[in-house]
Amino acid sequence: MLANLLATLASAITSVILAGGYGGVAALMAIESACIPLPSEIIMPFAGYLVSTGHFSLVGAATAGALGCNIGSTIVYTLAAHGGPALIRRWGRFVLLSAQELAWAERFFARHGAITVFVGRLLPVIRTFIALPAGIARMRQVTFQAYTFVGSWLWCYALAYVGAELGERWDSDPALRAVFHRLDAAILVALVALGAWFAWRHLRAAKAGRGRPGNRASG
C-alpha cells in the first residue's frame, strides 16, 4: 500500500513538472517550503532528469526551485511572525511538528543567529521548518530572503545535478538500473520505519501532554 502511495506521489510530482515546466518546479518547491511534507528529494532529481533530456537547464532548474522555496518560506515566515508559538501549538500537529521541536528550533536560532536559515536550508527535514523560528524572531527580511535563496539554490542544484547524472546513464547503463531496482525494497523499509518512528514519537508526546494533571479537566 505504501509503495502505491509513493508511486502515486511521484507520478503527481512528475506530472506537475511536465505540465508546468519551471513554473511547476517552483510551485512544488513552494509547497515543500510551506511546511507541507512534499519531498524535494523527488521534485528536484526529476527536474534534473529533464535537464539530461534537454528540457531544462541545470541552472534554470535550480533557480526555479530556489525561487519556489523563497515563496513558500515567505508565507511561513509571515504566519509565524504574526501567529507566534501559539500558531504552532494549534496547527503544528497537522504537519507532525511539536511544540518541543519548535522550542529546540528557537533555541538553535537564538544561539547561532541568522546564518541558521542558510545552514538549515542545506539539511533534510529541518529545511522545511526553518522559516518558523526566523518568523517568530522577526528576522530582517532582506537577510532572510538572501539566505533562503542561496541555501535553497545550492540544495536544489545538488539534487538536480544528481538527477541529471543518473538520467544520462539510466538508458545506457543496465547495471545502474539493476542496482536501483535492488535498492527499492531497502528504501521502502527505511521510509516505513522512519515514518512509523516519527508518528509514534509525536503520538507519545501528545498522549503524555494530555495525561499531565494540569491538562486534565477539573471535576
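**From Phe-109 to the aromatic pairs**

Phe-109 sits in helix H5, which covers residues 99-112. The model is a predicted one. Phe-109 has a relative accessibility of 10%. Buried means under 20%, so Phe-109 counts as buried.

What does Phe-109 touch beyond residues up to four places away in sequence? Its contacts there are Ala-114, Thr-116, Val-117, Pro-133, Ala-134, Ala-137 and Met-139. Ile-130 is 21 residues from Phe-109 along the chain. The C-alpha atoms of Phe-109 and Ile-130 are 8.8 Å apart.

Now turn to the aromatic rings. The count comes to 5 aromatic pairs. One of them joins Phe-118 and Tyr-147. The ring centres are 6.3 Å apart, and the planes make an angle of 50°. That pair is tilted, because stacked needs planes under 30 degrees apart and edge-to-face needs over 60. The pair links distant parts of the chain. Phe-118 belongs to helix H6 (residues 115-120), Tyr-147 to helix H9 (residues 141-170), and 29 residues separate them. Tyr-147 has 28% relative accessibility, so it counts as partly exposed.

Another aromatic pair is formed by Trp-153 and Tyr-157. Here the rings are stacked, with 5.0 Å centre to centre and 25° between the planes. How are Trp-153 and Tyr-157 placed in helix H9? They are 4 residues apart in that helix, so about one helical turn separates them. Trp-153 has a relative accessible area of 22% and is therefore partly exposed. Tyr-157 is partly exposed as well, at 29%.

Methods:
Residues are numbered from 1 along each chain as its sequence is written. This is a predicted model: local features need pLDDT of at least 70, side-chain atom pairs count only at pLDDT 80 or more; totals for chains, interfaces and linings use all residues. Side-chain values use heavy atoms; hydrogens and water are left out. Helices (H or I, at least four residues) and strands (E, at least two) are DSSP runs, numbered from the N terminus. Buried means under 20% relative accessible area, exposed over 50%, partly exposed in between (1.4 Å probe, protein chains only). Contact means heavy atoms within 4.5 Å. Rings of Phe, Tyr and Trp (its six-membered ring) pair if their centres lie within 6.5 Å; planes under 30 degrees apart count as stacked, over 60 as edge-to-face and the rest as tilted.
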